[in-house]
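Reader: Let's go through this one together. Where do we start?
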Amino acid sequence: MPIPGAIYGLFSDPSSAERGMDALSRAGIRPDRIVVMSAEPFDEYSFSKMDEATPMPWLAAIGGIVGGTCGFLLARLTQEGYPFPLITGGMPLLAAWPTGIVTYELTMLGAVLTTVVTLLITTRLPNWKPKLYDPEVANGKILIGVLEPSDATRTEIEGRLLAAGAEQVKTTVGDVAS
Amino acid sequence: MERRDFLKISAVAGATAALEGCGNPDHQLIRFVPEEDLIPGIATWKPSICTLCPAGCGLLVRVMAGEAEVVRNGQLGLLKMGLAKKLEGNPAHPINQGKLCPRGQAGLQVTYHPDRIKGPLVRTGRRGSGQFREVGWDEATKQLVQKLSELKASKQEGGLAFVTAPLRGQRKTIIDTFVASFKGLTSIEFAFFDDSVIRAANAASFGHALPPTVDIGTSNYVISFGADFLGTWNSPVAQSLGFGHMRKGRPGQRGKFVQFEQRISQTGASADEWIPVEPGAEGMLALSLAHVIIAENKQLATAAGHAGSLIEGWSLGLPDYAPEKVAAQVGVKPETIARIAREAAAQDPAVALIGDAAVAHTNGLFNALAVNALSALLGSVGKPGGILFASGSSAKPPAASLQSWASEVSSGATAVDVLLLYNANPVFAAPAEWGVQRALEKVPFIASFGSFIDETSALADLILPDHSPLESWLEDTPVSGSAKTVVSVAPPAMNPLHNTRAMADVLLDAAHQLGGDFAKTLPWKTYEEAIQASFAALYKEKGSKTAKDADEFWKKAQEQGGWWSTEPSQVAAVISAGTAVKNSAPQFSGDSSQYPYHFLPFASQLLYDGSLAHLPWMQEVPDPLSTAMWGTWVEINPRTAEKLMIQQGDLVEVVSPNGKLRAPALVSPGIAPDVIAMPVGQGHQNFTRYATGRGANPISILAPANVEGTGSLAWAATRVKLSRVGRGKLILFGGSLSESSPELKHR
Amino acid sequence: MAHQWGMAIDLDRCNGCEACVVACHAENNISTVGEEQAALSRAKHWIRVERYYEGEFPDVRVKFTPVLCQQCDAAPCEPVCPTFASYHTSEGLNGQVYNRCIGTRYCANACPYVVRYFNFYNPIWEKPLQLQLNPDVSVREEGVMEKCTFCVQRIKAREIQAAAEKRELRDGEIQPACVQSCPTRAMVFGDLGDPESEVSRLARSSRATKLLGELGTRPKVNYLPRDSWHDSENA
Amino acid sequence: MTAKTPEQITNDLLRPLSGISARYVFWAALLAGIAVAALCAFLYQVYSGLGVSGLRSPVFWGFYITNFVFWIGLSHAGTLISAILRLANATWRRPVTRCAEVITVFALSIGATFPIIHLGRPWLAFFLFPYPSERGLWPNIRSPLLWDFFAINTYLISSVTFLLLPMVPDFALVRDRAAGWKKKIYSALALGWTGTPKQWHRLETAMHIMAIAVIPVAVSVHSIVSWDFAMAPVPMWHSTIFAPYFVAGAIFSGIAALILAMALLRKLLHLEEYLLPIHFENLGKLLLVMSLLWFYFVFAERLTTWYGNEPSEMAVFWVTQHGSYAPLFWAMVSCNFLIPFPLLAIKKLRTITGTAIASFTVVIGMWLERFLIIVPSLSHKYLPYRWGTYRPTWVEITITAGTFCTMVLLYMIFSKIVPVISVWELKAGRHEEPHALRLARQPDQVEAD
């Protein structure tokens, strides 16, 4: 994915970033066109209130169930029949409690792995391709911008961002690297 | 099922693979054409005879094909041959009836011992330096014959001496005949644990100069005075079989077994009642028991017959031996003596036996005669459940004493030009005071037939290694263990591994080369022929119901491992009048104030008299009581240990008037506080990689006291003192002495 | 019904002679470890004769108990093995498959009888002592646990022989090496599944006890403790 | 909590990543040398046989399993503590979590090697893997060692992800400030993180789920380690108290290790302004609670044994209390209770130095505890004839020392690669206060955390 054209402002504090966000919303920019980046989570600010809904806990639960099932089957099938039954002179091969332990451990493993996979997929990580980013974010700046703005709105956006308190407003065009 | 078979196959394959790793130089060896027809994996069982102690048990040898690295005609190569894999008791043999003791089991390792002498050796270095050169048999025999013919030419008296272990059968005949032709002594027989005192006592009491065959199995009451009859004494496997039968072989009837001794032996450990007795007071104790029996009219004094009449005061009812009078000297409570006497008198049959340390005091002969009289009084002599006498061989003449021979030679009174050695290691097994080593050093030429370099054969000029017993023709006429007449015979169970020859064959060969009378006196070309001749004579004497001629008789004997009578043998006693003997107190070497403890050597259950110390199995199997492995120990009572501030495993120095030694201490509740015990067997200075330099030899510090009335060593007649010198090395297999945790006392 | 091999040891007969120990070494290719290793308590004796002293001089008694693998029916060593090296055979033996053993030594810890022995080093037989090895029994390498097998090679050989001869096994026909050598006939081996066998008879006797039976391991070795002598018994 | 700007925080926390001092190289080389010696000792053991260790009959488990239990116990420092603190939303946790999680990952990795080091035939360790093999056999599910296999692997995977996920934003930080080859490496490690709200939300949700999952896993891991012992009928092992006793001990030693690590990091990386006395104070209180809990477990275990008076258990009981293991036993009680208790209970002594000293003794004491659980019981099993003893050899001592050195070395290397304090979490902590205020003001506008 080439770097999209974008116009964004860098804010040095969350309150001005929040104002910048509000300004963009008021300008009628569609929320899915707005891009926000920060070096730390700002859960309590409105510019972070996007993309909060996720089925991750449910997926983790399903992953746990799948893992547990695998564990149970592993414990059960391997002991009972593959590839021919082991001679144990009538001694029990399969016991409920140990099977429970394996089932339990694999349940947890399933849940953890599903969580990680869900995280990576939903956040599209890892992704080393060039993309919209500004290293100033690492210095604590909060990036708020608009993807593929129409030429008509450019100046308005820039103005609104600056008015909200953006220290700097930058534009990217096509495939200019950050 | 299939699975297990598969595992077994892979197990065998694994074993083979382990032995023949890649790059093994074995693969570069040439392969000889097998000398025998063998089916791999199929075991055959061949009879043999155990030669490791005088009991003479019959063996079955499991022989299987295997590949051995051997030298044939000077060429090293691999030979597929029958190899002995396991020794079992011969179930048909009347002595051991299919059973075998631990020492007998380990006989296998004699054959395969890595330090066995692989061919004739001629000394090259200084005497005793251990430097030898390998030679061929022709050269070795030539050297022997040359020395002997020089000796024969000199017509000198006593110029040849032959020191052997006690032998029986044709080997003895050959050696005695051979030696006699040199106008020398008869052979000198020597073993540390010999039975001559008991033989002398039995000859006097019962007219049989033999060790007793004790029918423990059908006895109801067994009183043993010091005899370790389940461990090493006399015929231990036969006695153990009897012991098992006495205990649990007769439903509803269980005999009692009482042991009197100073230290709990392996036998004492199995006793129903173990009672400590003062050292050397066994005879007095036996007579005290007899006194009670007579005094309480349980038996008439005359019931003891001749055996009783040999004891002074017997006919009067032994008034001097009332329990109250002797209790202090004997160390047993009068009521205990009386109780045991009553119990024994009430049980029929009841038997008394004596052995080991009890006859190795200066008054050992008296002790033995007293116990014999007690047995006779109990009415069990010559009866089932009592003392029987086998007739395997005629009573043997007393052998020349090694002690007097050694002192004569070392003092120069007797000149010996040639000394032959066979199966005896007197440098190790005789007290240092006897001066055996000094005597040997005076002998210009010594030839040994030994299979190993030991303290004695290291002094030899020529070594003519014998086969191992499993590679050799064997015959034996056991003198105890079965009431039947037993003549064992066995062809070699396997071919010789090394370039060895049977002692008897070498001797016969030498005799024929020497010529002269030997053609008549020793008419046999080989040992095999000699044995066959003895069986021909046996067939003539005894006849046979199953064999139609002497050849068949001979063949059948080889198949079953010998010939034995179907009924107990009946041999007339030859009783000669004897004078009554008085009680004699045991004499101990060493002043009791300076040397406060009695020193009690005892036969090791595994190493016996030290002749088995070279077998790794015997070193590593834990001793039954101490659980010690790979070493020796000095056993002391906890009270003594506390007094001397000695702890388990401390190195202690034991000092007798005749020497001193150092060994780790073992603190054991099973020993009298005034007794220090030590197993015989370790302390070899030169006896293969497994035994050399291990522990100390208690024989070396023994006083050269004799049992009165015999030439035997009174090996229990030494007193010692001891002190702690540092930390020792005591390797025990067993953890705790006691079954209940001593830590619990902390509560 | 499959055989259930078991043993009875009459302690009234046993005299602690150690014949069984040497017989076992010879039959089962148990290597000797030498002085240095023996001092580190690494000697291997699949059967050992335990000796306990009771009391103090002069009232001392000694007790011998031969202890070998008890071939428990509920063996603690079996479930703990992660690789099934220790497992239960259809004839009731606690099998030890050397090839599967990775040497966790867990079985030896779990065994209350301490009858499992570990090969801390590769076994050594100094030439030509290796010629004594029994070809029917595998040699165990370093890192492998080993233990008494009730001489399974003898059991199998007899079973195969009996099958070839189309007959049932006779009671007493199979003798492990220890039983065969025992000079007092203290040990009896046989099929506990056959109520008529000598070992079953002894196992049912009122004298029969199990070593550490209270642990619930259900051992198949029955001990008949030392009896005492009563005058009246013989009167 | 501090007046520092995000810029300052970033600078302070990323500073250790640049530049290596001579002192650092010296210590790293020394530690690496000992670690290599340990590796050589292990290879020597593989070559010669397990006989080079001091193990013997009946003490078939010794230093190696002691180390195994010890390191697995230590691994509870991190993930468990940080997960609990995360879920409890303890604000002061922020500078602590990563230090703790790193201990977990390294201690667990080191601990997990010991079951292999201790094998008689370590080259066959793959027999434990459940995979269809030519042997026609699966591993035995009933064996506690297999439970270990599953539990430790689950715990290791969880801990590693639990550690790595929050590191991604920090890698991104480093990426943006680095140049040259460093930039390339950190770019790869940052996975292309940009810091959109979506990424932050997903990361926080994932961390939340993982924190919930990892706590029971951690508890199960040390329970299963305890069951390695409790499943065997060995005197004083076969006990129901073992699982909670081990878990408590694990957390105890884990906290101690964490305090020690923090004290060292604070001093060596000059993090005095981030790792504050309050952290040591709080963790010290936690350690005090665990010390009391540990003592309670020991007391309960020994009292029950003493009253039960079962002979085989009493043999072990007395040999530890009065017998040959008594010096070690009382040293353990001192290290785990008698010394740390006053240091942690008296407020004046609960300083950074005080808690560090207490932690040091606890780490030693807990190692001794593992040893004393294993060896006296094995050396005093039911049949007194086979009672024995145990002495470690230089091989075991070297390997043990090597693992301690490896732990420190790994930590040193880690501190040069990754900020040991989670930068973004620390920053995020700064505005929790205003967030809470907002919560009070407009509760309906703020969603639940």
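Reader: Which residues in α10(D) meet α11(D)?
Author: Among them are D:Tyr245, D:Phe252, D:Ile259 and D:Met262 in α10(D). Their partners in α11(D) include D:Phe280, D:Leu287, D:Trp294 and D:Glu301. Contact is C-beta atoms, placed from the backbone, within 7 Å. The model is predicted: local features need pLDDT of at least 70, side-chain atom pairs count only at pLDDT 80 or more, and totals for chains, interfaces and linings use all residues. Residues are numbered from 1 along each chain as its sequence is written, with chains lettered from A and ligands numbered from 1 in the order written.
Reader: At what angle do the axes of α10 and α11 of chain D cross?
Author: Roughly 150°, and the axes come within 9 Å. Axes are lines fitted to C-alpha atoms, for helices over the stretch in contact; angles run from 0 to 180 degrees between N-to-C directions. Helices are DSSP runs (H or I, at least four residues), numbered from the N terminus. α10(D) and α11(D) are therefore roughly antiparallel (angle over 145 degrees).
Reader: Switching to chains B and C. How many residues does each put into the contact?
Author: Chain B gives 76 residues and chain C gives 65 residues.
Reader: Which helix gives the most on the chain B side?
Author: Helix α1 (residues 2-19) of chain B, with 10 residues.

Notes: Helices (H or I, at least four residues) and strands (E, at least two) are DSSP runs, numbered from the N terminus. Angles under 35 degrees count as roughly parallel, over 145 as roughly antiparallel, 65 to 115 as roughly perpendicular and the rest as oblique. Two residues are in contact if their C-beta atoms, placed from the backbone, lie within 7 Å.
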